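User: I'd like to learn how to read a few features in a structure, one at a time. Can we walk through one together?

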Amino acid sequence: MKHYLQRVTGAGLVLLMGSILMLAQSNGALDAARAREMLRHLGGGELPKAQVRIKSVQSGVTGSDAIVEAQIETAYRFARTDEGWKLAEVRLGDRHWESVELITEAVRREKIRRTTLIMQQLAEGLDAYRRERGAYVVAEEIVRLLDQLPPQYASLRVDLWGNPFIYRGTASGYQLISAGPDQQSGTGDDLIIENGALRPATQ
């Protein structure tokens, strides 16, 4: 297997980790110096200061987050396989390379975990509704479901891939579905809660 090293200037590393980086403001407003330090150590890395340039820091909508636009200069290692070139590693510091496959899998698993937690919150709301009304919410879409549940559930509309949840409910039972990592409903990695019970993903 041959390797190819490509130097990348710009937002490449940020795009690898996520299209927009949001950082919590724990002690007042987030400034450029603090944002740069956090980006330098993204993923356990140790990038030189000169390789991280902050273009802007803006407060988020809620005031408890910030959106940082940055340029990160780093390098990627590509591997040539029988199927063609494959992105293999990203450099996070001097002699510090991280597997893109491991990063991707870690992000995938975390999105599954967080999406499951959101779905369990919605299931709790459905159970509370049933205890109060004697039946589940009868609806065929998530918007109509959330119109019936208490306001604290109103923001729980989409999964961690940005797709709306699917809800199918009758008076006696329901299914709450996320299309999962492949973002295609009806496949093996769907996340499903049925009448309060979670079906584990098969992929």
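User: Let's start with Tyr136: is it buried or exposed?

Analyst: Quick caution before we dig in: this is a predicted model. Burial is read from relative accessible area, and under 20% counts as buried. Tyr136 comes out at 6%, so it is buried.

User: And how many aromatic pairs does the structure hold?

Analyst: Two. The general idea is that a pair of aromatic rings is described by the distance of the centres and the angle of the planes. Take Tyr136 and Tyr174: the ring centres are 4.9 Å apart and the planes sit at 70 degrees, so you call this pair edge-to-face. The cut-off behind that label is an angle over 60 degrees.

User: Which parts of the chain does that pair link?

Analyst: Distant ones. Tyr136 is in the loop between helix H3 (100-133) and helix H4 (142-148), while Tyr174 belongs to strand E9 (residues 174-178), 38 residues apart. Tyr174 is buried too, with a relative accessible area of 2%. There is also a cluster to note: Tyr136, Tyr167 and Tyr174 form one aromatic group.

User: What joins E8 to E9?

Analyst: Four bridges, with the two strands running antiparallel. You can check individual partners: Tyr167 is bridged to Leu176 in E9, and Arg168 stands opposite Gln175 in E9. Together E8 and E9 make a hairpin, with four residues between them.

User: What is the order of the strands in the sheet?

Analyst: It goes E8-E9-E10-E11, four strands in an open sheet with antiparallel pairing. E8 and strand E11 (197-199) are the edges; each has a single partner strand, so one side of each has no neighbour in the sheet. On average, neighbouring strands of this sheet are turned by 15 degrees against each other, ignoring direction.

User: Which strands does H3 lie across?

Analyst: H3 lies across E8, E9, strand E10 (191-194) and E11, and runs at about 20 degrees to E10.

User: Where is Asp147, and is it buried or exposed?

Analyst: Asp147 lies in helix H4. Its relative accessibility is 56%, so it counts as exposed.

User: Now zoom out. How many helices and strands does the chain have?

Analyst: Four helices and 11 strands. Of the 203 residues in the chain, 34% are buried. The chain exposes about 12000 Å², and carbon and sulfur atoms supply 50% of that. For contacts, take those between residues at least 6 apart in sequence: 49% join residues at least 24 apart.

Conventions. Residues numbered from 1 in each chain as written. Predicted model: local features only at pLDDT ≥ 70, side-chain atom pairs only at ≥ 80, totals over all residues. Heavy atoms only, no water. Phe/Tyr/Trp six-rings, centres within 6.5 Å; stacked < 30°, edge-to-face > 60°. Buried < 20%, exposed > 50% of the residue type's maximum accessible area, 1.4 Å probe, protein only. Contact = heavy atoms within 4.5 Å. Areas by Shrake-Rupley, 256 points an atom, 1.4 Å probe, with all protein chains shown as cover. Pairing = 2+ DSSP bridges. Axes fitted to C-alpha atoms, helices over the stretch in contact; angles between N-to-C directions.
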